[in-house]
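Dear colleague,

I am handing over the structure shown below, together with an account of what was found in it. Please keep the sequence and the 3D view open while reading.

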Amino acid sequence: MGLRIFPSLSMLVALFLLLLDTRARAQSNGSAQALDALLQDYAYQAFNRPKTGIAYDGVVPMNLTGITVSAMRLRSGSLRTRGVKMYKEIEIPKGVIVSPYVERLVLVYQNLGNWSSVYYPLSGYTYLAPVLGLIPYDASNLSAKNLPQLRINASGEPILIKFEGRRSEPAGSVAKCVLFDSNGSPSFTNVASGNFCSTTQQGHFGVVVESSALPPAPGVAPSLPPGTRETGRGNSKVWIIIGSVVGGLALLVLLALFLLWLRKFKRRKKMQQMEKAAEVGEALHMTNVGNTKAPAAMVTRTQPILESEYVP
């Protein structure tokens with residue numbers, strides 16, 4: 001029984017840890033995806049009889065101060081044959097293909113400002129410029145919410161993102177472009193001359209440098225960005241997950257110990273019942289019957305009486 005319990009316990013622990021790891025990853029990536037859906041709604045609210053190819057700036061609530069969002073409606077055919085000369089800091093060349101195909105699409109532009117490291121943290125790196133996002137959506141219903149993202153692919157020249165006003169990297173260090181795909185996975189490329197980063201698809205883009213190469217900022221410490229409290233919440237979530245793991249393991253160990261004690265208790269109870277039955281029963285005399293020993297009664301307790309001998 002004990003050998004059966006402990007393999008089951010190890011399997012339960014492994015399954016429990018796997019579920020927690022999956023949940024943690026989902027929460028990390030899910031917060032950025034939830035922000036995309038929220039900004040899509042605010043960007044679409046900026047449309048009021050929109051004209052094709054014109055950027056309309058959306059308004060975000062006070063708790064997202066520092067983020068800017070815009071929306072531009074385009075025809076898929078026009079995007080492929082003409083491109084967009086300049087959409088904020090983004091230059092879209094000819095040859096961009098939209099999939100799945102829609103007649104009209106909306107390109108939502110995001111500038112995450114001082115929220116960049118909150119939604120797209122990079123361990124060991126520091127942002128030299130805010131994270132910019134370019135996300136395509138279907139334009140058939142401009143009042144829709146929580147729309148799925150479309151995919152764009154530059155079949156010819158790449159899409160260029162120019163980071164104007166970015167901080168300079170320290171001497172001897174190299175700035176890197178970072179691209180976050182729809183799953184939140186980063187990939188790095190070199191910064192082109194003129195502070196450009198290039199891509200062939202939609203996503204979120206930034207310029208970073210290794211944190212060890214960045215000297216401490218002189219002067220007065222900067223004011224805390226609005227996302228500082230969100231970072232604290234992220235740390236508390238980590239401690240909650242750790243506490244859940246420890247508590248779950250302790251609970252499983254206690255459950256295994258309880259099952260072992262219950263098994264021993266039942267065995268002890270059964271042995272006591274067998275001993276009691278042996279003490280109460282009467283021992284029978286053993287006699288040889290052929291080559292086999294069998295129990296036999298020593299005396300007959302009741303003498304037989306013939307009916308003819310019975311006198312009333």
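One aromatic cluster in this structure is made up of Tyr44, Phe47, Tyr56 and Tyr137. Please note that the model is a predicted one.

**Confidence**

The protein has a mean pLDDT of 80, and 70% of its residues reach 70 or more. Over residues 1-7, however, the pLDDT is below 50, and this stretch has 6 contacts in the model beyond near neighbours in sequence. Residues 17-28 likewise have a pLDDT below 50, again with 6 contacts beyond near neighbours in sequence. Where pLDDT is low, the predicted coordinates should not be read in detail.

**Aromatic pairs**

The structure contains 9 aromatic pairs. One of them joins Tyr120 and Phe180, whose ring centres are 4.8 Å apart with 45° between the planes, a tilted arrangement. This pair links distant parts of the chain, 60 residues apart: Tyr120 is in the loop between helix 3 (116-119) and strand 7 (125-127), while Phe180 belongs to strand 11 (residues 176-180). Both Tyr120 and Phe180 are buried.

Trp261 and Phe265 form a stacked pair, because their planes meet at 15°, with the ring centres 5.5 Å apart. These two residues are 4 residues apart in helix 4 (residues 228-280), so about one helical turn separates them. Phe265 has a relative accessible area of 38% and is therefore partly exposed.

**Strand 6 and its partners**

Strand 6 is largely enclosed by the rest of the structure, because 7 of its 8 residues are buried. With strand 8 (residues 132-138), strand 6 pairs in the antiparallel sense over 7 bridges. Within these pairings, Val69 stands opposite Gln110 of strand 6, and Tyr109 stands opposite Leu134 of strand 8.

Leaving aside neighbours within four places in sequence, the residues in contact with Gln110 are Asp36, Leu39, Thr68, Val131, Leu132, Gly133, Ile135 and His204.

**Nonpolar cores**

The largest nonpolar core comprises 30 residues, and those with the most contacts inside it are Leu79, Ile92, Leu105, Leu134 and Phe163. Apart from neighbours within four places in sequence, Phe163 is in contact with Ala129, Pro130, Leu132, Asn195, Cys197, Phe205, Gly206 and Val207. There is also a second, separate core of 29 residues, which includes Ala43, Val69, Val131 and Val178.

**Arg167**

Is Arg167 buried or partly exposed? Its relative accessibility is 43%, so Arg167 counts as partly exposed. Arg167 is placed in the loop between strand 10 (159-162) and strand 11. Its C-alpha atom is separated by 9.3 Å from that of Val207, although the two residues are 40 residues apart along the chain.

Yours sincerely

Note on methods
Residues numbered from 1 in each chain as written. Predicted model: local features only at pLDDT ≥ 70, side-chain atom pairs only at ≥ 80, totals over all residues. Heavy atoms only, no water. pLDDT = per-residue confidence, 0-100. Contact = heavy atoms within 4.5 Å. Core = buried A, V, L, I, M, F, W, Y, C linked by side-chain atoms within 4.5 Å. Buried < 20%, exposed > 50% of the residue type's maximum accessible area, 1.4 Å probe, protein only. Phe/Tyr/Trp six-rings, centres within 6.5 Å; stacked < 30°, edge-to-face > 60°. Pairing = 2+ DSSP bridges.
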